[in-house]
Amino acid sequence: MLRKPRVRGHPGTQAEEDCSRRANEAPSTSRGTGGSPATSVPRSSPAAASLGPRSQKQLELKVAELVQFLLVKDQKKVPVRRSDILKHVVGDYKDILPDLLRLAAERLHDVFGYRLVELEPRSHTYVLVSALEPVEEDAAVRGDQGTPSTGLLMVVLGLIFMKGQVITETELWDFMRRLGVHPTQKHFIFGDPKKLITEDFVRQRYLDYRRVPHTDPVEFELQWGPRTRLETSKMKVLQFVAKVHNQDPKDWPAQYCEALADEAARARPRPEGSGEPGGARGCADPALEARGGPP
């Protein structure tokens with residue numbers, strides 16, 4: 001899983017001035033990803049007294065069952081639907097579901113080091129996100145957080161970011177073929193690359209994959225999904241791209257400005273109902289300079 005990075009301040013005053021100057025010259029016209037931000041399930045106040053007529057032991061058993069269910073589901077990194085929680089765990093306790101979720105969230109945080117996050121409020125889906133700092137700070141930059149597929153995901157995220165937040169599937173595979181990864185050939189490490197990228201990563205909500213309207217033949221495009229915005233940052237992805245190319249993140253000024261704005265937005269408290277953290281305020285259009293970035 002991608003790790004949520006530590007919040008950092010601006011790398012330097014000079015960089016901020018450069019970004020501000022570019023903002024006056026060429027305001028951002030980059031395409032946003034839309035959608036609601038993920039919100040953490042709030043920790044409860046003393047909840048046991050308001051949980052209805054059940055005994056304390058019954059409640060503890062039900063919370064333990066819910067925690068175990070969420071941990072098992074997290075192994076596949078697929079968001080858990082509230083309807084599945086109601087069907088497979090809650091049963092007759094559905095009248096106190098919000099309290100059960102709060103208590104489960106507290107236990108997941110305090111015992112296992114996870115935050116229970118409502119990933120998409122409209123569809124009521126949840127994921128577990130590590131609340132612990134990574135053992136090695138630059139693990140996310142290297143893209144080696146545990147599995148080879150994570151490295152491939154970082155490559156795809158980097159390509160999307162460098163190309164202005166969205167790429168077509170044709171652009172994706174043109175790039176992947178140069179890395180020896182083909183959509184119709186089984187890979188000795190990744191297995192079925194097309195399924196991994198356009199199905200598995202999409203189901204895990206790291207990527208959004210949608211049809212481009214009014215295209216003939218039919219074309220699809222990819223963008224960052226809500227889980228990516230939750231677990232990593234534009235600066236981390238840019239640092240990964242720079243490391244791969246043995247360059248400095250500042251070598252791509254538009255993307256660097258956008259990443260700085262993202263870091264600043266993450267450092268500020270975000271009001272409920274606000275948009276995606278890290279808008280490209282104060283940056284030039286990344287699409288203008290993306291073609292001069294990595295191939």
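This is a predicted model: local features need pLDDT of at least 70, side-chain atom pairs count only at pLDDT 80 or more; totals for chains, interfaces and linings use all residues.
Q: Okay, how many aromatic pairs does the structure hold?
A: There are 2. Rings of Phe, Tyr and Trp (its six-membered ring) pair if their centres lie within 6.5 Å; planes under 30 degrees apart are stacked, over 60 edge-to-face, and the rest tilted.

Q: Why is the pair of Phe161 and Trp224 called tilted?
A: Their planes stand at 40 degrees, with the centres 6.1 Å apart, so the pair counts as tilted. Phe161 sits in helix H6 and Trp224 in strand S7, 63 residues apart. Helices (H or I, at least four residues) and strands (E, at least two) are DSSP runs, numbered from the N terminus.

Q: Are those two buried or exposed?
A: Both Phe161 and Trp224 are buried. Buried means under 20% relative accessible area, exposed over 50%, and partly exposed in between (1.4 Å probe, protein chains only).

Q: And which residues form the stacked pair?
A: Tyr209 and Phe220, at 5.0 Å centre to centre with 10 degrees between the planes. Tyr209 is partly exposed at 24%, and Phe220 is partly exposed at 26%.

Q: New topic: which residues of helix H8 are buried?
A: Pro193, Leu196, Ile197, Thr198, Asp200, Phe201 and Val202.

Q: What follows H8?
A: Arg205, with a positive phi near 70 degrees.

Methods: Residues are numbered from 1 along each chain as its sequence is written. Side-chain values use heavy atoms; hydrogens and water are left out.
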